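Keep the model open beside the text as you read.

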Amino acid sequence: MASAAMLNAPCNIGAVKFEVKLKPSPNLFCARPSIKLNQRRVLTIRASKEGHDNGSSSGPLRKMGLTDEECEAAVVAGNVPEAPPVPPKPAAPAGTPIVSSLPINRRPRRNRRSSAARAAFQETNISPANLVYPLFIHEGEEDTPIGAMPGCYRLGWRHGLVEEVAKARDVGVNSIVLFPKVPDALKTSTGDEAYNDNGLVPRTIRLLKDKYPDLVIYTDVALDPYSSDGHDGIVREDGVIMNDETVHQLCKQAVAQARAGADVVSPSDMMDGRVGAIRAALDAEGFQHVSIMSYTAKYASSFYGPFREALDSNPRFGDKKTYQMNPANYREALVEMQADESEGADILLVKPGLPYLDIIRLLRDKSPLPIAAYQVSGEYSMIKAGGVLKMIDEERVMMESLMCLRRAGADIILTYFALQAGRCLCGEKR
């Protein structure tokens, strides 16, 4: 009986040594013309760690230096390399009823069987590039916590803000929107501080653009942070919000922001005709390149409470229902959309976000323009509170809520979770 031949060959993969043992077997012919074997040989391949043999076959197998023709010849001759066996069918738990298969051709679960399949067929994705980070700023040097918004601060415009922007950029969030907390002494009934070229927002824009020239800066165009009345427009003595006079002030505000270097001005006031007037004012001053993100469907929502604490901008009297939309209305969003499109808006925004997914989808289906959604302070604070109380998994709910906004049709999302979500998307540990 012929003895088995043992070949020890060096290996270039890590520190693994492979041994190839040839066992005599009849009728195996090698494809090399100079070699003829009269007996079939069965190849047994074993991989072992350098310095010890653990008998494991889980490591990589060393190539034997055979040509394609030799490998094919071996298979044709019946010398088929071994592979793992077909795994046994998993057993059902005891007591599972024995039933016939349902006579159905379509089983959607087939496309959800593995994580790879789910990832391959995922219809909606989200990245840090889809996020816009709302940041509150004030004149102080220190960062002041906002009680109703855990994790959010009024940032010192020269210090804390710059550091927060740097953190966001590190995880791919390169778009921000600024909201100022204006000193009460500068607030007036006509909000003139809104268009002060050396005001808090223009100064901040210039500082950020000097440090981060490619940072995309959105600004808020509305009078409420600058108004002694806390409304988005000028208030007449009988309590009526004056539309056209307010638009005049908003145009000057938008131009001042553009002059400072803003990339996108965002009228959130909900005055009629303001988009067209702002577009004309920007163009007249040579700012044709500055975009307008219109708050197209901004509802008179109860979800804004924490935001108003952050800016100390609650209305001194009344509410905002004469200019913001009724939460019960759906078709009215189309009226606002058509007006903003015709007046030159570049982006259409829906606010709030998650409770208004139907409006986001409506605008997505009806308009070719990019759609933005604002995940507002109330949405943020509820998720934070639920996480603190261990009622929900904060991170998972956060990411699901953002994905839902994307799925509904939002191209970009303004969210206070931008930094936290960016870190999550980048796989960074908090």
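How does the lining of the second largest cavity divide by class? By class, that lining has five nonpolar, three polar and one charged residues. Here Ala, Val, Leu, Ile, Met, Phe, Trp, Tyr, Cys and Pro count as nonpolar, Asp, Glu, Lys and Arg as charged, and the others, Gly among them, as polar.

Before we go further, a word on the model. It is predicted: local features need pLDDT of at least 70 and side-chain atom pairs count only at pLDDT 80 or more, while totals for chains, interfaces and linings use all residues. Residues are numbered from 1 along each chain as its sequence is written, and side-chain values use heavy atoms, with hydrogens and water left out.

Back to the cavities. Rolling a probe the size of a water molecule over the atoms shows where empty space is left. A cavity is a set of points, on a 1 Å grid over the protein atoms alone, where a 1.4 Å probe fits but cannot get out, and its lining residues have an atom within 4 Å of a point. Grid points are joined across faces, edges and corners, and a volume is the space filled by probe spheres set on the points. The whole structure holds two cavities of 30 Å³ or more.

Among the residues that line it are Glu193, Asn196, Tyr226 and Gln257. Helix α4 (residues 200-211) gives the most to this lining, with three residues.

Now turn to the elements themselves. The protein has twelve helices and 15 strands; helices (H or I, at least four residues) and strands (E, at least two) are DSSP runs, numbered from the N terminus. Of its 430 residues, 44% count as buried, meaning under 20% relative accessible area with a 1.4 Å probe and protein chains only.

Eight of its eight residues are buried, so β4 is largely enclosed by the rest of the structure. In a regular strand the side chains alternate between the two faces of the sheet. In β4, Leu131, Tyr133, Leu135 and Ile137 point one way, and Val132, Pro134, Phe136 and His138 the other.

Which strands pair with β4 in the parallel sense? Strand β7 (residues 175-180) is joined to β4 by five bridges, with Pro134 opposite Val177. Strand β6 (residues 153-156) pairs over three bridges, with Ile137 opposite Leu155. Strand β15 (residues 412-415) is joined by two bridges, and Leu131 has Ile413 as its partner there. Pairing requires that DSSP finds at least two bridges between the strands.

Finally, find helix α11 (residues 394-408). Its 15 residues reach 21 Å from first C-alpha to last, close to the 21 Å expected at 1.5 Å a residue, where the expected span is 1.5 Å times one less than the number of residues. Its buried residues include Met398, Leu402 and Leu405. The buried residues of α11 pack against α9 (357-366), β14 (371-375), α10 (377-388), β15 and α12 (418-425), with contact meaning heavy atoms within 4.5 Å.

Note on methods: 1 Å grid on protein atoms, 1.4 Å probe; cavity = no way out; pocket = protein on both sides within 12 Å on 5 of 7 lines; lining within 4 Å. Buried < 20%, exposed > 50% of the residue type's maximum accessible area, 1.4 Å probe, protein only.
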